[in-house]
Every structure is written in structure tokens, then in C-alpha cells.
Amino acid sequence: MNFNSKLNIIFSSFIFCWLLACNTEVDDRHPEVKNSQVKIGILAPLTGPLAGFGQDFENTARMAANEIDALGGINGQSIGFIVRDSRLGREDSEQAALQATQELIESGVIGIIGPAGSGTTITIAPTAIANGVPIISPSATSPALTELDDSDLVWRTVASDAFQGKFLAEQLILDQVNSISVIYRGDAYGIGLKQSLIDSFTQQGGTVLAEVPYPANKENNFDSQVSDLFASGKPDAIVIISFVTDGANIMVSLANSSQSPMPILYGVDGNKREELLENAPKSLLLGMKGSAPTAPATSPNYIAFAQNFERYFNKPPPVFTESTYDAVYLLALSMAVAGENSSAAIKNNLRSLSKADSINPVVINVGSQGYKIALENLTQDLDLEGAAGSINFDEFGDVTSGNYIAWEIIEINGQLTFDTIREAAFP
């Protein structure tokens, strides 16, 4: 039996045992962390409208950790995840995330993967910074994160929405959309993406008829906001910058409005999930378009990651799972390079590990084989290439490029699905 076969059996057994516990209370379903392990925090939505995203987030992190542990872990220690619920999408999410962050720090974590949301990341950043604990978010995309005075402790493995806004504006122009109205979450994510979109759209000659914010904790009854979308006339398209539950209910209010014909609808990464297809009106979903970050489809690193994910979880990897996978490997290798498992080791090595610092670096791919090669070359200049693409952290802890898809909702054999219609890299 080869190494990969053994690894598959070990991890499949772990996942089976872990999933058996999923019908208990949230905190009870996570394996106990031992003092002998490297303690890493996971801060993700485990309850509420984005619980499915949080489960994908955690599953991916555990898949990566299992690969690393099978090769001896990090400096001889296995990874122990301490998981807390950020309650993203719920009214008390900011306070819950702050409390969860403090609990993680008091539990002795030396790094945190997450949070999922931009607003939550900004909220918890001062607590993490004050305690010297680095955080790496795989999905916080707001441009506002770039401006944080974070002492090199706030990082992300997904590109800023400064790129996604430009990409979506480009798609609107390609679709010959001349005017838009935008409804958006009134938080760091919604405001940042909205501003990037309208700046780029108007620079290319487009017209914005309405910008309609709503409270980030609002999940239903959007009739008033929908009315405001048409207050200055009917646009060619409506852009919905939302998560899943709020996005579905915005579409319910749109369906109940008197507008006919309805402008074409566009979404974003926050609402590109199967749950939207299950809860929004089918009459409006069909033909809806949007944007989302993605890994380069032909990247060997992504292909290998996607195959493993689908083997373990029986579905294609949802958006941001690839950047979660990269975050785990970045944490592990930053400590392996330093020869110590500490917050300082993570902070001091993330940037150099993410890019070449010499003419002849040793290129390291995420995954078992790549980690094995890295362990054999720890004294060399390592350049980690992720499942989500090149990382190359800049001085702000941002990745310097992003890959995006334009998607459209189509129907195949009676089932709605997201279809990719275009892919491009930025900048």
C-alpha cells in the first residue's frame, strides 16, 4: 500500500468518526486538543445562515492538517484545532466573534484561521494584535483590511475586492449593461465591494441609478429597499451584494414587486452557494449572473486539492475552501522554517515564505508531496504556491493577484446550477 492510500484511509476514518458527532452541540463535536499539540484557532460561522460555509471551512482545514500530521506534523507536533463560532450573519455576530477570539487566545492558540467575514476580521483584529496572535482569513475580501495598522498580524489568502469590483464592472460592460442599481450589506464587505464596483463601472461609462444599503444583521422583509432600487428609474441590471439568506429574501421582495420586465440580476461571491438556489425564486434565479474569486482551473495544485476534497466530502470544493487549505500550509511551513512553534515564527516568516527571495528558490506546492519537499529544504529560499494560486504577500499582508469567474445560473435536467462563463486574472 502506498503513502497516499494509507493517508486516504486514515483521513476517511477520521472524517467518519467526526461526522458521527455532528448531531451534538457545536462545541462537543470537535476532537479534544491535547497539550502536546500545536494549538491553532479556527473562527468560522458554525450556526446561523452561513453554517454550511463554516463546516466547509473546518473540513478543509482538517484535511490539510491530516496531510501535515502524516508527515510528522510541525516540528514534531501534530495540529490541534480549537474551533469557535463567529455567528456570522446573525445579529450578535460581532460580540460573539470578540468573545470567541478571547477564548481562543486564552486557550493558548498561536494563530487563528479566519474569520470568514471582513467586518468580523476588522472587529477582532485589535484583540489579536494586542495579544500578538496572527490571523489569516481565507475569505475576508474588503479593501478596508489593507488599511489596518496591524503590526504584520492580519493576513489573508484571498485577494481584495478592489479586484473583484473591477472584474464585475468589466462583466457588466461586456454584457452591454449601461445602468445599474446596487443593494448591498452595510458592513465592511458590502461597502468595500460596492465602492470598487461603482468606481470601475462609472469610469467605463456606466451609470449608477441607486445605491441602497441595508443593516448587516437584516435577513428578511426587503420591500422598502427594493422600492428604493427603482426610485430614480429602472436600471438595466440590479447588483445584489449579500450573503445567502439575505440575498434569497431580497429576491423574494423583487419577485413580489410590480416591476416587469425585471432587470437582469447580478450577484457576488457572498451569495454564490447552493443554498441560494434552494431558497430564492426560481423565476429570478434562472439567468442571474455574478462574480466570485476562484483558483485557476488548470492549476495542478488546485486540481489535486479539488480531487482530494471531492473524494472525502462527495462534492466539489465550494468557494474559499482552496484559500483555507493554503492558510493551513502557510501556518505550518512558517513555523517549520523557524524551527519553533510560536506566534512570532508565523509572523516573521509568512511574507518570505509566500514568494521568492532569491534567483533560485525552491518552489513548494501545497499538499503532502510539497510539504515533504519543504521539510527537506528548510534552509533554502522556499516559495509556496497555493491551491488558490500564487500568494506573494505584499507589505499589507494582501495577496497581490486574484483569479475570478463570471458565473450564470442555468438549468440542467430540471436542476439549477452555477455555470462558469468567463475567467480572468487581476491585475
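**Helix packing and cavities in a predicted model**

Visitor: At roughly what angle do the axes of helix α12 and helix α13 cross?
Guide: This is a predicted model. Helix α12 covers residues 321-338, and helix α13 covers residues 343-353. Their axes come within 8 Å and cross at roughly 105°.

Visitor: Are α12 and α13 roughly parallel or roughly perpendicular to each other?
Guide: Angles of 65 to 115 degrees count as roughly perpendicular. The axes cross at roughly 105°. The two helices, α12 and α13, are therefore roughly perpendicular.

Visitor: How many residues in the contact of α12 with α13 are charged?
Guide: From α12 come L330, L331, L333, S334, M335, V337 and A338. From α13 come A345, I346, N349, L350 and L353. Ten of the contact residues are nonpolar and two are polar, and the number charged is none.

Visitor: Which residues lie closest to the centre of the largest cavity?
Guide: The model has three cavities of 30 Å³ or more. The largest holds about 190 Å³ of space. Its lining divides into nine nonpolar, five polar and two charged residues. Of the 16 lining residues, the closest to the centre are F53, A116, F243, G270 and F320.

Visitor: How many charged residues line the second largest cavity?
Guide: This cavity has a volume of about 50 Å³. Its lining includes R185, K218, E219 and D246. By class, the lining has four nonpolar and two polar residues, and the charged ones number four.

Visitor: Which helix gives the most to the lining of the second largest cavity?
Guide: Among the lining residues are V244, T245 and D246. The top contributor gives three residues and spans residues 244-256. That is helix α8.

Key: Residues numbered from 1 in each chain as written. Predicted model: local features only at pLDDT ≥ 70, side-chain atom pairs only at ≥ 80, totals over all residues. Heavy atoms only, no water. Axes fitted to C-alpha atoms, helices over the stretch in contact; angles between N-to-C directions. Helix = DSSP H or I, 4+ residues; strand = E, 2+ residues; numbered from the N terminus. Parallel < 35°, antiparallel > 145°, perpendicular 65-115°, else oblique. Contact = heavy atoms within 4.5 Å. Nonpolar A, V, L, I, M, F, W, Y, C, P; charged D, E, K, R; others polar. 1 Å grid on protein atoms, 1.4 Å probe; cavity = no way out; pocket = protein on both sides within 12 Å on 5 of 7 lines; lining within 4 Å. Points joined across faces, edges and corners; volume = space filled by probe spheres on them.
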